[in-house]
Amino acid sequence: MKTNKRPPASILFIFGGSGDLNYRKLTPALYNLFLDEWMPDNFAIAGIGRSSYSNEEYHGHLLDGITKFSRRKGEQNGHWKDFSQHVSYLQMDGDDAAAYHKITDLVKEKEAEWGQHPNVIFYLAVAPQLVPSIATKLGALNLCSDVHCTRIVVEKPFGHDLKSAHELNALLSSMFKEEQIFRIDHYLGKETVQNILALRFANALFEPIWNRNYIDHIQITAAESVGLEGRGGYFENSGALRDMVQNHILQILCMVAMEAPVSFDANEIRNKKVDVLNAIRRITPDKVGEHAVRGQYSKGWKKGEEVVGYREEKGVNPESAIDTFAAAKFYIDNWRWQGVPIYVRTGKYLNQKATHITLQFKSAPHNAFPSESADTWHSNKLTISIQPEMDISIRFQVKRPGQTMTLDPVDMTFSYDTEADHAPEAYETLLLDAMEGDATLFMRGDQVEAAWKVIMPILEHWESHKPADFPNYTPDSWGPEAADKLIAQEGHTWINVPSA
Ligand SMILES: NC(=O)C1=CN([C@@H]2O[C@H](COP(=O)(O)OP(=O)(O)OC[C@H]3O[C@@H](n4cnc5c(N)ncnc54)[C@H](OP(=O)(O)O)[C@@H]3O)[C@@H](O)[C@H]2O)C=CC1
Ligand SMILES: O=C1O[C@H](COP(=O)(O)O)[C@@H](O)[C@H](O)[C@H]1O
């Protein structure tokens with residue numbers, strides 16, 4: 001786990017330095033680490049892309065991103081000038097092997113300037129099709145020597161399906177050792193996602209009831225209020241199941257369902273998580289309809305503005321069968337979770353931005369209270385809100401003050417928003433971990449493949465059976481009606497946690 005020390009001297013090469021992710025997330029995160037005095041004493045950041053920028057233009061572009069998207073807006077009392085001196089832009093085509101000397105030149109220059117061998121981190125924030133070509137050329141640089149500690153950070157999606165993920169793992173491990181490969185899933189860097197482990201394994205209170213004997217079912221919702229945001233080209237090759245369930249949602253599920261780790265060693269945590277993925281019951285092709293629902297948004301209204309349907313978005317096939325909503329019911333075949341349904345859902349243009357996990361407990365075995373209390377009888381639930389609210393809330397029943405024995409449900413809530421002044425953004429945590437070489441919050445190769453195995457039957461069924469009812473939900477709703485039917489099969493309903 002992280003120490004309180006700054007990481008060693010590092011050079012970060014960001015492939016995709018001219019792209020959206022770097023503009024909105026990576027550079028703002030690195031700048032926040034700098035402001036919070038977490039960056040190494042000696043560091044350099046080089047953005048890489050084919051677009052043309054002078055260093056000065058590049059700095060202006062990045063500062064614009066910070067002003068729009070960072071948790072700390074703007075340049076912060078002159079600190080930007082100090083930070084930007086560490087940042088440069090390398091114009092190069094990642095497919096052009098002859099251009100890679102620019103990387104080794106910069107490493108040599110910094111070694112001479114700092115009088116030490118820095119860690120070299122390659123961050124691949126590029127489309128997945130480019131990853132094999134770039135990784136192969138990086139491997140050929142032979143920077144993975146005794147003196148350099150080289151790491152490669154690979155953005156999601158990791159592969160397009162099980163086969164391509166397996167091939168990419170094989171390619172990366174032919175050039176890098178597993179401890180050098182950092183497969184990123186930014187949900188694992190979110191404070192409230194990490195807090196699931198603290199809640200479960202730093203408190204003796206929850207463990208005895210965290211199982212099939214007390215929990216009726218679990219729900220995981222990752223709802224987005226935004227639409228495609230110009231990513232039509234990407235989404236047409238992806239869909240909600242690939243974009244959110246294969247990675248973020250299954251990783252959250254692992255943290256909720258895993259057994260207690262013996263230590264916080266990266267491999268120990270990852271072993272426990274992969275056990276969960278391997279225990280998820282495989283959905284057979286004939287059962288996909290009972291276990292999974294897909295949706296696609298139509299045109300409609302969002303916050304009082306008319307918005308186009310998915311099929312009318314830029315870069316989208318007018319007859320597209322891509323899912324912008326996905327819901328599924330999973331079972332984990334082990335002693336702890338046998339028979340407990342786990343419902344997950346995600347979608348674009350839903351009613352609100354809300355990511356939360358709810359553990360719905362079973363009802364008390366006997367209601368000894370007067371019969372009128374039956375109307376207000378609610379079973380307990382524990383809700384972990386990941387965003388935008390960051391809190392943990394337990395619902396239980398109390399007696400309403402007065403002469404009658406009437407019960408009311410109340411919530412006891414811990415709010416991260418009030419306790420943590422400036423919770424770091426996920427990418428701050430993950431970039432710092434990558435510089436420190438701590439892979440606990442990153443995915444191991446077998447974990448990614450195990451997650452693909454879980455969703456492959458659904459993907460294959462959907463790809464071979466085109467939906468007859470698309471588009472089937474309107475913007476600002478909670479998705480298609482079929483999602484309500486999915487959960488109603490076992491007498492449950494989706495829980496929508498209202499945002500403040
Ligand atoms: N944007 C987001 O919010 C998120 C993105 N991601 C992932 O991050 C990755 C990048 O996404 P995003 O930033 O949105 O994509 P963009 O399309 O905005 O950026 C793509 C980047 O790749 C560069 N690039 C493309 N071809 C080459 C090439 N041949 N050689 C060198 N550079 C090249 C582009 O630079 P140029 O055109 O100048 O060559 C550009 O900087 C994807 O895997 C995505 O799934 C993950 C989570 C969220
Ligand atoms: O990885 C992705 O995540 C974002 C949602 O991230 P969040 O941190 O805002 O919840 C999603 O919009 C995007 O489609 C997906 O690629």
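The legends below describe close-up views of a predicted model.

Residues are numbered from 1 along each chain as its sequence is written, while chains are lettered from A and ligands numbered from 1 in the order in which they are written. Because the model is predicted, local features need pLDDT of at least 70 and side-chain atom pairs count only at pLDDT 80 or more, whereas totals for chains, interfaces and linings use all residues.

**View 1. Helix H9 and its bend at glutamine 246.**
Helix H9 covers residues 240–257; helices (H or I, at least four residues) and strands (E, at least two) are DSSP runs, numbered from the N terminus. A straight helix of 18 residues would span 26 Å at 1.5 Å a residue, but the end C-alpha atoms of H9 span only 22 Å. The expected span is 1.5 Å times one less than the number of residues. At glutamine 246 the helix bends by about 35°, where the bend is the angle between axes fitted to the seven residues ending at a residue and the seven starting there. H9 is largely enclosed by the rest of the structure, because 18 of its 18 residues are buried. A residue is buried if 20 or more other C-beta atoms lie within 10 Å of its own, exposed if 12 or fewer, and partly exposed in between, with C-beta atoms placed from the backbone.

**View 2. The crossing of helices H10 and H14.**
The axes of H10 (residues 266–279) and H14 (residues 445–464) come within 9 Å and cross at roughly 15°. Axes are lines fitted to C-alpha atoms, for helices over the stretch in contact, and angles run from 0 to 180 degrees between N-to-C directions. H10 and H14 are therefore roughly parallel to each other; angles under 35 degrees count as roughly parallel, over 145 as roughly antiparallel, 65 to 115 as roughly perpendicular and the rest as oblique. The crossing of H10 past H14 is left-handed, a term used if the near helix is turned anticlockwise from the far one by less than a right angle, with right-handed for clockwise. On H10, Arg270, Lys273, Val274, Leu277 and Asn278 meet Asp446, Gln447, Ala450, Ala451 and Val454 on H14. Residues are in contact if their C-beta atoms, placed from the backbone, lie within 7 Å.

**View 3. Valine 274 in helix H10.**
Valine 274 counts as buried because it has 20 C-beta neighbours inside 10 Å. Leaving aside neighbours within four places in sequence, valine 274 is in contact with Asp446, Gln447 and Ala450. Cysteine 254 is 20 residues from valine 274 in sequence, and their C-alpha atoms are 7.7 Å apart.

**View 4. Helices H1 and H13.**
H1 (residues 20–35) and H13 (residues 426–436) pack at an angle of about 70°, with their axes 8 Å apart. The two helices, H1 and H13, are therefore roughly perpendicular to each other. Lys25, Leu26, Ala29, Leu30, Asn32 and Leu33 of H1 make the contact with Tyr427, Glu428, Leu431 and Leu432 of H13.

**View 5. Helices H5 and H6.**
H5 (residues 131–140) packs against H6 at an angle of about 10°, and their axes are 9 Å apart. H5 and H6 are therefore roughly parallel to each other. The contact involves Val131, Pro132, Ala135 and Gly139 of H5, together with Leu168, Leu171, Leu172 and Met175 of H6.

**View 6. Two cis peptide bonds, at proline 157 and proline 471.**
Most residues other than glycine have a negative phi, and most peptide bonds are trans. Lysine 156 and proline 157 are joined by a cis peptide bond with omega about 0°. Proline 157 is in the loop between strand S5 (150–154) and helix H6 (162–175). The bond from phenylalanine 470 to proline 471 is also cis, with omega near -5°, and proline 471 is in the loop between H14 and helix H15 (481–488).

**View 7. Positive phi at lysine 303 and aspartate 476.**
Lysine 303 is not a glycine, yet its phi is about 45°. The loop that holds lysine 303 runs between strand S9 (300–302) and strand S10 (305–307). Lysine 303 counts as exposed because it has 8 C-beta neighbours inside 10 Å. Aspartate 476 has a phi near 80° and lies in the loop between H14 and H15. With 17 C-beta neighbours inside 10 Å, aspartate 476 counts as partly exposed.

Technical notes:
Contact = placed C-beta atoms within 7 Å.
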